[in-house]
Amino acid sequence: MIAMYAVSLIVIASAIACGADSSSGTTSIPRVVASDRIYTVEDLSSAGAKTVKSYDIDELPGAIAAWKTVFNKLDYEARFYPSHDDAVSQGTEYADSVTGDDAVVKGNEVLWEEGERDRRKCSRAAGTPHSSCSYSARYLEYVIRGNMILFCEGSESSEAFANCENLLSLTEPT
């Protein structure tokens, strides 16, 4: 009886630990979804996103295209790779470096300089002069779907994930 109780507690504790992300709150939106689907910027345009800028990808390993887009008055960045495996293996390090609270958004440690200014936002405390600016990441989160890494704006992690999902849901065939 005690052994069954102990096993039950371990199973419950494991389920709770695996189902929550303490660093960004609880979310049901997975960061990476493996798929053979090949996305293009046209998929985002067809979903209603406005393509604003095409980035030079010469210094972005493995990428075949990268775009800044706007959807519902929010900024997004989409990076495209030949395949899902390429997006994960060649894009994850670069994506991790420019998202979240510890994002590197300016200076010599930025891994890919193209579009650097687009990936940061200026935050000022009330009453501070215009020249006093603390830069933080514009994109708090990203998701990988098929061959695409999509960076999403939001005031907190869960909101950024939801914004990613809102745009991505419109790219799905009906």
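E116 is buried, with a relative accessible area of 17%; here buried means under 20% relative accessible area, exposed means over 50%, and partly exposed lies in between (1.4 Å probe, protein chains only). The side chains of E116 and R120 meet in a salt bridge, at 3.4 Å from N to O. The term salt bridge stands for a side-chain nitrogen of Lys or Arg within 4 Å of a carboxyl oxygen of Asp or Glu. Side chains of opposite charge can pair when their charged atoms come close.

This is a predicted model, in which local features need pLDDT of at least 70 and side-chain atom pairs count only at pLDDT 80 or more, while totals for chains, interfaces and linings use all residues. Residues are numbered from 1 along each chain as its sequence is written, and side-chain values use heavy atoms, with hydrogens and water left out.

## Other salt bridges

The count of salt bridges comes to twelve. One of them joins R79 to E77, with the closest N and O atoms 2.7 Å apart. R79 is buried, with a relative accessible area of 1%, and E77 is buried at 0%.

Another salt bridge links E153 and R138, whose closest N and O atoms are 3.3 Å apart. E153 lies in strand β8 and R138 in the loop between β6 (134-137) and β7, so the pair ties together parts that are 15 residues apart in sequence. Helices (H or I, at least four residues) and strands (E, at least two) are DSSP runs, numbered from the N terminus. E153 is buried at 15% relative accessible area, and R138 counts as buried at 17%. Through shared partners, salt bridges join K53, K68, D75, D118, R138 and E153 into one network.

Helix α4 (residues 157-169) has 13 residues and reaches 18 Å from its first C-alpha to its last, close to the 18 Å expected at 1.5 Å a residue; the expected span is 1.5 Å times one less than the number of residues. Within α4, the residues S157, A160, F161, N163, C164, L167 and L168 are buried. They cover an arc of only 160 degrees around the axis, which puts them on the same side of α4; the arc is that of the directions from the helix axis to the C-beta atoms. The cover over these buried residues includes α2 (41-46), β3 (65-71), β4 (74-80), β7 (139-145) and β8 (148-153), where contact means heavy atoms within 4.5 Å.

The structure has one disulfide, defined as a pair of cysteine sulfur atoms within 2.5 Å. C152 and C164 form this link, with their sulfur atoms 1.7 Å apart. C152 lies in strand β8 and C164 in helix α4, so the pair ties together parts that are twelve residues apart in sequence. The link is right-handed, with 105 degrees about the S-S bond, and both C152 and C164 are buried.

## Two serines in helices

S97 belongs to helix α3 (residues 84-97) and counts as buried, at 16% relative accessibility. A polar atom of the S97 side chain lies 2.8 Å from the backbone oxygen of Y94. Leaving aside residues up to four places away in sequence, S97 touches A103, V104 and L111.

S45 is found in helix α2 and counts as partly exposed, at 34% relative accessibility. S45 and T171 are 126 residues apart in sequence, and their C-alpha atoms are 9.0 Å apart in space.

Key: Polar contact = N/O pair within 3.5 Å; in protein donor to acceptor, adjacent residues only side chain to side chain.
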